[in-house]
Amino acid sequence: MLQAKKTSLNQQNRREIGTLLEKGKEESARVRVEHIIRDDLLIEAMENLELYCDLLLARFGLLESYKTCEPSIFEAVNTIIWAAPRVGEVKELGLVRDQLASKYGKEFMMQALENEDERVNPRIVMKLQVNAPDSYLVERYLEEIARTYDIKWRSNLIEHEEEQQDEEDDDSSDGAGGGGGGGGQAELLPPLQNPTMPDEDESRFDLPDIPTSSPLKKKTNAAAGPPPPVAPSSNSNAAAEDPNDFDALARRLDALKRK
């Protein structure tokens, strides 16, 4: 019931803040939107605390069986004890805290209230802080409200930060492109030279014929028969005669005269 009531009030406050933005009353809108942010965080914290209460109810047997707090419910017990005084509108949560304190003792309750050793859920701690909301979050809320109710309004803070981010992105991209272009050129390597092959005449060797004792070759030579006789030529006869023999010269002259 409390969560639904706060949600309905927040919707009404958002419409009023939208009207302030439309009229140009930005400072008043910023003050009003801080209340909406706190209420939204409180609603989320109460939803988480409700889940912790359901967890204790589901594991009620551990509460009855053990005198000390079991590890499976340790965070839930400490978070409920710590958050109870900060959510004064929920009276039932205070009753649960008192029962847990009587179960585990006063010392245990004081340690939970002081959040020693960070026993409490950090999300609950953040949502129930008393500090003022961050200015960037306030501007985001205002922009979202303006967008919801079709109001032409833009936060100067967010617009300035976006411009700076765009400039940083451009500078980083230019730096990356320049660095890549300067060092991207590969060094020119000399062309590969074809290896010179040795000349065929130089690489050719006159190898002697290797004699073979293969029977196939012997059979082939036998089938071919003996080599034909070579007829003696006249040149060989002339070469056989001694050029200084006068009788032979005379016979040759007589033969020429007869012709």
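# Pockets and helix contacts along α2

Six residues, the largest share of the lining of the largest pocket, come from α2. Keep α2 selected as you start. The model is predicted: local features need pLDDT of at least 70 and side-chain atom pairs count only at pLDDT 80 or more, while totals for chains, interfaces and linings use all residues. Residues are numbered from 1 along each chain as its sequence is written, and side-chain values use heavy atoms, with hydrogens and water left out.

**Stop 1: the largest pocket**

Select 26–58 for α2 and 122–127 for α7; each supplies at least two residues of this pocket's lining. (A pocket is an open set of points on a 1 Å grid over the protein atoms alone, where a 1.4 Å probe fits and protein lies on both sides within 12 Å along at least five of seven lines; lining residues have an atom within 4 Å of a point.) The space in the largest pocket is about 370 Å³, counted as the space filled by probe spheres set on the points. Colour the lining by residue class. Nine residues are nonpolar, three polar and five charged. (Ala, Val, Leu, Ile, Met, Phe, Trp, Tyr, Cys and Pro count as nonpolar; Asp, Glu, Lys and Arg as charged; the others as polar.)

**Stop 2: the second largest pocket**

Select Q3, M46, L49, E50 and V90 next. They lie nearest the centre of the second largest pocket, which has 11 lining residues. Its volume is about 280 Å³. Three helices each supply at least two residues of the lining: α1 (2–22), α2 and α5 (91–104). Here too α2 gives the largest share, with four residues. The lining of the second largest pocket has eight nonpolar residues, one polar and two charged.

**Stop 3: α2 against α4**

(Under 35 degrees counts as roughly parallel, over 145 as roughly antiparallel, 65 to 115 as roughly perpendicular, and the rest as oblique.) On the α2 side, show L49, Y52, C53, L55 and L56; among the α4 residues they meet are I73, V77 and I80. (Contact means heavy atoms within 4.5 Å.) This contact divides into 10 nonpolar residues, two polar and one charged.

**Stop 4: α4 against α5**

The axes of α4 and α5 come within 9 Å and cross at roughly 125°. The two helices are therefore oblique to each other. Select I73, V77, I80, I81 and A83 in α4, then L93, V96, R97, L100 and Y104 in α5; these two sets meet. The contact of α4 with α5 has nine nonpolar residues, no polar and one charged.

**Stop 5: α2 against α8**

From α2, show A29, R30, V33, E34, I36, I37 and D40; from α8, show L137, V138, E139, Y141, L142 and I145, which they meet. How many residues of this contact of α2 with α8 are charged? Four are charged, nine are nonpolar and none is polar.

Definitions and conventions: Axes are lines fitted to C-alpha atoms, for helices over the stretch in contact, and angles run from 0 to 180 degrees between N-to-C directions.
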